Amino acid sequence: MSYLRLERIEKRFGPVSIIRGVDIAAEKGEFVVFVGPSGCGKSTLLRMIAGLEEVSGGDVYIDGARVTQTEPAKRQVSMVFQSYALFPHMSVRENIAFGLKMAKVPRAEIDRQVAEAARILQMEPLLDRRPRQLSGGQRQRVAIGRAIVRHPKLFLFDEPLSNLDAELRAQMRVEIARLHRELGVTMVYVTHDQVEAMTLADRIVVLRGGVVEQIGAPQDLYDRPANTFVAGFIGSPKMNFLKGRLESADAAGVTVGHPALAAPLRVARHGTAAALVPGAEVTLGLRPEHLALEGGGARIGLTADLSESLGGSTLIHGQTRTGETVSLQVPGRRMLGKGETFSVGFDPAQAYLFDADGRAL
Amino acid sequence: MPSRSAGRLLHGLGLLAVFAVTVFPTYWMVSSSFKTQSDLLASPPVWLFTPTLANYADVFADQKVVNAVVNSLIVAVFSTGLSVLLGTPAAFALARYDFRGKSDLWFWFISNRFVSPIVLALPIYILARNLGLLDTHLVLILVYITFILPIVIWIATDQFRSIPKELEEAARLEGASQFAIFWRIYLPLGLPGIAVSAIFGFIFSWNELLYALVLTRRDVQTAPVVATSFMSGYELPWGKIMATGTVIVLPVTIFALLVSRHMVRGLTMGATK
């Protein structure tokens, strides 16, 4: 039985459905990331695990026990808020000790635990400061410290890095990964940043409009997205989509035609979508990092729009004859002038195919 | 630039006018309290004079004044203290919980102040007389609480609402009870607003004259009542009146200064980004 289990979870605010029947399970020690655009319900879902939000339907289980109606404090979960939610009138030490004090843990034990948390997070010199005397990264550390002293069954993170600048975010990301490795606890982490999701997660849950679009390991989502939404959301820069026509299909693969393609493209099938009718509309997905100016088994003709140098590589945006935008990332500096025509090649094995409803073929 | 200097001049004159209206009466009261009767009655007024403490000696020799100040203190401290004690949990509930009749209750607190105090003076007098509460500290404390409690509730509710909800949620997850959340999070963070409402309440009950006049006789006369009682003879003892006035104003000023330390803005800074 899974350590954390959400069964047919629903959340309604009056007539508005926010979460519509979500099933998720996580094993002990796993790092699960909920990812999705804003308004997809990922934070609501996290708050329902914490008990801060009532569940309209379905059940939450933690460590085998049904906790759907259990008080937040009794669920033995800790949460790190986006805004940190540190108590401003207390010192760092008092902030970290708060939960232990509430649990009436003996003084000496509290001191020991706080010292231990401070050591793990390298913030011993900060213990007597007030939150307002700390930088954003330090506040984040205190919030994490407050979460770890209680040795919760579950760590919940609600977009913990979104208030930090890019450099600090990268640094804290590494630190959270290290913490997960050292403590070996189950963590559920909410973010809208797919880079955080890809780098931190053992498993990613992609949400949209209150439903789960796909659950899987980061590499699986990247290699075998279930639909165009997941394909577009996972991976940066975003995947290119081209609307083509199915020319023929058999058990092993399909052949796709598109005006920009020099020759019809033969693609192997990943999904198990229903009968494929020749002439049906399909979407061809191509990742910018899989496109190259030279080589490749298939080629697409493009007209250059804009080139962005990233230093070590160049991001080129072009358009097909049909007006669809295609971006590619190539190593080195290859600035193309606007209006210049060029062609890009790719390996057909790295192309993705989706049906008219966006489901992977 | 002439227009700019003219603007400055007007600005300065405006400030002077405000200063004269607000500060001069206080200056006149305090300085007069150190004058002899002849200096006080001199025309034109004397600006430089030999100060005397005779008026203060007079005031403190008068048991009535000393008693009045003590009475005022008792009434003000208890009415303010009880209002804060009762008002802050009420404000916490209004700020953080949804319950039936919440907005009606809120309006009721505000509408209390629509009624002119004089309208209720007679009913309250009759009520107090029938309950045998006339000329007691208790009756003034109870009446003043009905005035101060709404002030405390308004200001504290507003203050509590401005505290980020995440703090409460974090505390809940950490196992804090409702009371602990109120006591350890809301009360310390709401202190600036509570201090302001306490100052208002204290000043109100310290200066209140109407109900003190109606509901007290001899035993629990408060300072404002005693101050007016000097104005009934043939010869007005101006020096003593001014010295009494100064003595009356002093405790409120000291209280306001003490409490204002807690009125620091931005106390919640650092809680959330």
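Helix H4 of chain B, spanning residues 63-96, comprises 34 residues and extends 49 Å from its first C-alpha to its last, close to the 50 Å expected at 1.5 Å a residue; the expected span is 1.5 Å times one less than the number of residues. Helices (H or I, at least four residues) and strands (E, at least two) are DSSP runs, numbered from the N terminus. The model is predicted, with local features requiring pLDDT of at least 70 and side-chain atom pairs pLDDT 80 or more, whereas totals for chains, interfaces and linings use all residues. Residues are numbered from 1 along each chain as its sequence is written, chains are lettered from A and ligands numbered from 1 in the order in which they are written, and side-chain values use heavy atoms, with hydrogens and water left out.

H4(B) bends by about 25 degrees at B:Gly87, and B:Pro89 follows within four residues; the bend is the angle between axes fitted to the seven residues ending at a residue and the seven starting there. The N-terminal end of H4(B) is capped by B:Asp62, a side-chain oxygen of which lies 3.0 Å from the backbone nitrogen of B:Lys64. In the unreviewed UniProt entry, the annotation "transmembrane region" covers several spans of chain B, including residues 73-94 and 138-157; such annotations, given in the numbering used here with shortened feature names, may be inferred rather than shown by experiment. Residues 73-94 of chain B are 100% helix and 0% strand, with end C-alpha atoms 30 Å apart. For residues 138-157 of chain B, the content is likewise 100% helix and 0% strand, and the end C-alpha atoms are 27 Å apart.

In chain A, an unreviewed UniProt entry places the feature "domain: ABC transporter" at residues 4-234. This span is 36% helix and 26% strand, and its end C-alpha atoms lie 24 Å apart. Strand E3 (residues 31-35) of chain A is largely enclosed by the rest of the structure, because 5 of its 5 residues are buried (under 20% relative accessible area; exposed is over 50%, partly exposed in between; 1.4 Å probe, protein chains only). In a regular strand the side chains alternate between the two faces of the sheet. On one side of E3(A) the buried residues are A:Phe31, A:Val33 and A:Val35, and on the other A:Val32 and A:Phe34. E3(A) runs parallel to strand E8 (residues 186-191) of chain A, to which 5 bridges join it, and A:Val32 stands opposite A:Val188 in E8(A). A parallel pairing over 4 bridges also links E3(A) with strand E9 (residues 203-208) of chain A, where A:Val205 is the bridge partner of A:Phe34. Pairing of two strands requires at least two DSSP bridges between them.

Over all chains, 24 salt bridges are found, each a side-chain nitrogen of Lys or Arg within 4 Å of a carboxyl oxygen of Asp or Glu. A:Glu159 pairs in this way with A:Lys42, the closest N and O atoms being 3.7 Å apart. A:Glu159 lies in the loop between strand E7 (154-158) and helix H5 (166-183) of chain A and A:Lys42 in helix H1 (residues 42-50), so the pair ties together parts 117 residues apart in sequence. Both A:Glu159 and A:Lys42 are buried.

Within H5 of chain A, A:Glu182 and A:Arg178 lie 4 residues apart, about one turn of the helix, and form a salt bridge at 3.0 Å, N to O. A:Glu182 is partly exposed at 47% relative accessibility. In chain B, the salt bridge between B:Asp98 and B:Lys102 has its closest N and O atoms 3.6 Å apart; B:Asp98 is exposed, with a relative accessible area of 75%, whereas B:Lys102 is buried at 18%. Salt bridges with shared partners also join A:Arg47, A:Glu53 and B:Glu169 into one network.

How values were computed
A polar contact is a pair of N or O atoms within 3.5 Å; within protein, one must be able to donate a hydrogen and the other to accept it, and residues adjacent in sequence count only if both atoms are side-chain atoms.
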